[in-house]
Amino acid sequence: MLDHLGNLERTHSCGALRAEDVGKTVTLMGWVARRRDFGPLTFVDLRDRDGITQVVFNEETAPAAHAKAKDVRGEYVIAVTGEVVLRAEGQRNLKIATGETEVSAREILVLNDARTPPFQIEQTSADALASEDVRLKYRYLDLRRPQLQANLRLRHRVVAEIRRYMDEQGFTEIETPILIKSTPEGARDYIVPSRIQPGKFYALPQSPQLFKQLCMIAGLDKYYQIARCFRDEDLRADRQPEFTQLDVEMSFATPEQVYRLIEGLFTRVFRLVGAELTEPFQRLTYAEAMRRYGSDKPDLRFGMELQNLASALEGTTFAPFASTLESGGEVKGIVVEGGATLSRKVLDELQEFAKRYGAGALAWIKLSDETSSSLLKALGQETVERMANAAGAKKGDAVLIVAGKSKVVAASLGALRNEVARRERLIPENVYAPLWVTEFPMFEFHEDDGRYYAMHHPFTSPLDEDLPLLRRAVEEGETHLLGLLRAKAYDTVVNGIEAAGGSIRIHQREVQGLVFKALGLTMEKARERFGFFLDALEYGTPPHGGIAAGIWTNF
């Protein structure tokens, strides 16, 4: 028969007891992580969110408790009262914080029993984990795992630190509506039917974008929110249908002010995991990031920058390279230090990897005692060596080469750079390399329907010096100029992951109208979707800008 808790209260958590607590009478409560039966002695590892304490039941000193303890099993919920004692020499477990002590139990209450779990809660390695499907089905058990509990508590500390920091910087936390009118921002909305108005629907916010801009028009000056957002898009490692972000907006803001604010915040938050960031963060324009790394979120913990090999191919008659260069494409490569030892099998695997990103083929050069290359027959020894020199390769290295349209070369070599670094273990551990990627394109052209779309969202301001190009593109029909426009947009990237993104917003009604026209929106359609916002811009909107940072820990 199960026991009742009654008025019994626990005195300590299972991770709290230390040598200085010896002699105290304590009451612990938690889950049985493990039971070991040694006849007259029974040992139970008792677990709660703070850790594990070893409890010993002695048949001689507490026969009733000992008899009861013999019947408990894994994940039973129990309460134990006893005295804290030092473990015997040679039996101390220095791998856990409570390992010097144990509790000599006098009483035990069995508060609930448990079926045998479908997987082991206390796994010793990632290899011992149950399948993801099983863990998600029994998520409540999965979340008992110490690593996941630690992640959730870290997330709590991160959010608490964010709130402290933003308050110190003079920001006001404001909640914005969840049930809203659809204001498309790039992904599909989740919709909720209205009971009061049949046939009509609310949308769930993809972000509080327009609301935070309205807060600036209202004169609230500095806004932030721990915002829940919803996007009906396919699952990816860094894209979820619902997520939480720190949403920030400030009036009279320049990009430099946003940079300083976020650098200070990131430095504070990263200290929670013992990491020190160096301020100011490195900066790269979008164009430079794509040219050097093939990615707008490059991982700067290792090198392998993309090298332009066009100069080494001047006058080449090799058709794949010649036609690519003549049509405005690129031939680029990355140097893998020590890569001369890469096997043909590995090179074939890397070629298949590059093809996933649009590359037609992956050529290679290996510099050992003799230069070998997949291009020797087509180009000859001299040209191959000239390409290796142009890439900056030295003896013992390999050069991996892709030719094609600029977008294809960037995408395939950018991804290949990360893959090779992972395979060859070139990424240092416990290193954080934050940077700002700035001056993103204002628009991007989609070949499938032959039109331009906003790269971020349609409320992003162009660079001041590019505003005349916007006017020409819209008012004089020179739409090709849209591809040249740069935005006051910026991302914070840490170790190849986009950690935050934002922009300075459009605050003038006329400019917002030009952007809508550039995106193919008629004034009628723009007013239908954003009429309330266009009206608001006419009532003294201050210059403003902001950013949103994902709040995430791996659990």
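Predicted model: local features only at pLDDT ≥ 70, side-chain atom pairs only at ≥ 80, totals over all residues.
Y202 sits in strand 8, which covers residues 201-203. Together with I178 and L179, Y202 makes a nonpolar surface patch of about 250 Å².

## An open pocket

Let's turn to the second largest pocket, with its volume of about 640 Å³. Which residues lie nearest its centre? They are A33, R34, R36, D45 and I52, out of 27 residues that line this pocket.

Strand 1 (25-38), strand 2 (41-48) and strand 3 (51-58) each give at least two residues to that lining. Strand 1 brings the largest share, with five residues. Sort the pocket lining by class and you get ten charged, nine polar and eight nonpolar residues.

Rolling a probe the size of a water molecule over the atoms shows where empty space is left. Here the count comes to two cavities of 30 Å³ or more.

The largest cavity has a volume of about 50 Å³. Its lining includes P441, M442, F443, H456, H457 and V515. By class, the lining of the largest cavity has eight nonpolar residues, three polar ones and no charged ones.

The second largest cavity holds about 30 Å³ of space. Ten residues line this second cavity, and I180, T183, D189, P205 and Q206 are the closest to its centre. Charged residues do turn up in this lining: there are three of them, along with three polar and four nonpolar residues.

Definitions and conventions. Residues numbered from 1 in each chain as written. Heavy atoms only, no water. 1 Å grid on protein atoms, 1.4 Å probe; cavity = no way out; pocket = protein on both sides within 12 Å on 5 of 7 lines; lining within 4 Å. Points joined across faces, edges and corners; volume = space filled by probe spheres on them. Helix = DSSP H or I, 4+ residues; strand = E, 2+ residues; numbered from the N terminus. Nonpolar A, V, L, I, M, F, W, Y, C, P; charged D, E, K, R; others polar. Patch = residues over 30% accessible without salt bridge, like charges linked within 9 Å, V, L, I, M, F, W, Y side chains within 5 Å. Areas by Shrake-Rupley, 256 points an atom, 1.4 Å probe, with all protein chains shown as cover. Salt bridge = Lys/Arg side-chain N within 4 Å of Asp/Glu carboxyl O.
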